Amino acid sequence: MGRLVSAKDMLNKALAGHYGVAQININNLEWTKAVLTTSQELQAPVILGVSMGAAKYMTGYKTVTAMVEAMMESLDITVPVALHLDHGNYDAAVACIKSGFSSIMFDGSSLPFEENYAKTTALVNACDVLGLSLEAEVGSIGGEEDGIIGMGECADPEECAKIAALGVTMLAAGIGNIHGAYPENWAGLQFDVLEKIRAATGNVPLVLHGGTGIPDEQVKKAIGMGVSKINVNTECQWVFQEATRKYIEEGKDKVGKGFDPRKLLAPGYEAIKAKVKEKYEVFGSIGKA
Ligand SMILES: [Zn+2]
């Protein structure tokens, strides 16, 4: 591990200081550079999320680690940065441990609870030995694949307590949140469920997935109740798409060397930077590096 750090200290500080650390998912070099430079400029800690699909797109976990490590060195990024597997299965978790990731999410939420518990136990031990942080997930969080649901899914506080007691660094538990776009009839975050999970899990930082589309006030309230990490993915994709579309629709790619990918992707890059800054402002992580 070069400059990458585990997410443990940054999340425990966030929990104690009542602010949230952003997990921003990355997809390519431009995404990574936008997140790293913005974090450095604003002196904010950050967790770079990498899904199994994004890692495959970037040709593998080792490529991602090498790119992030080298970029941190060449840009002299000194704020705390964790490189985190997002929603990994067991094999992906093991692969990331071997590939230099500093943080792992093992998502066993779709497995029978006993199997989730056993696999999370094994990974807690492996991550402890290596000084990596581990996120576990209980129950399933609702999403587009579930069709039209207004509620999102909620985790069972008792199951949360059992997984938290294993010594995981952070815990993802559904409180009515949903991945991707929220349906019109969404009921909002279930703060009574969050309160029960908080009470059942002691001082484990909680993670809010599906951050895109939750009103800022609800996110802030959740942070005040013990949510320390908020995942942001879809929102950056939307602003990147919008900015890129605008550039092409305005015909700028046809002017001079506007076709140069370094110019073509620049508006999207700037849009990601602006969105990341906006998120840090809401989460309260600016200046917390
Ligand atoms: Zn998620």
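Two strands pair if DSSP finds at least two bridges between them. Helices (H or I, at least four residues) and strands (E, at least two) are DSSP runs, numbered from the N terminus. What you're looking at is a predicted model, where local features need pLDDT of at least 70, side-chain atom pairs count only at pLDDT 80 or more, and totals for chains, interfaces and linings use all residues. Residues are numbered from 1 along each chain as its sequence is written.

Let's start at strand β4, residues 103-106. Strand β5 (residues 133-138) pairs with β4 in the parallel sense, over four bridges, and phenylalanine 106 stands opposite alanine 136 in β5. Strand β3 (residues 81-88) also pairs with β4 in the parallel sense, this time over three bridges. Here leucine 85 in β3 is the residue opposite isoleucine 104 in β4.

How does the chain get from β3 to β4? The path goes through helix α5 (residues 90-98), and this β-α-β crossover is right-handed: with the strands pointing away from you, the path from the first strand over the helix to the second runs clockwise.

Now for the faces of β4. Ser103 and Met105 on one side are buried, and so are Ile104 and Phe106 on the other. Buried means that 20 or more other C-beta atoms, placed from the backbone, lie within 10 Å of the residue's own.

Finally, hop over to tyrosine 182, in the loop between β8 (178-179) and α8 (191-201). Tyrosine 182 counts as buried because it has 21 C-beta neighbours inside 10 Å.

Terms used. Buried ≥ 20, exposed ≤ 12 C-beta atoms within 10 Å, placed from the backbone.
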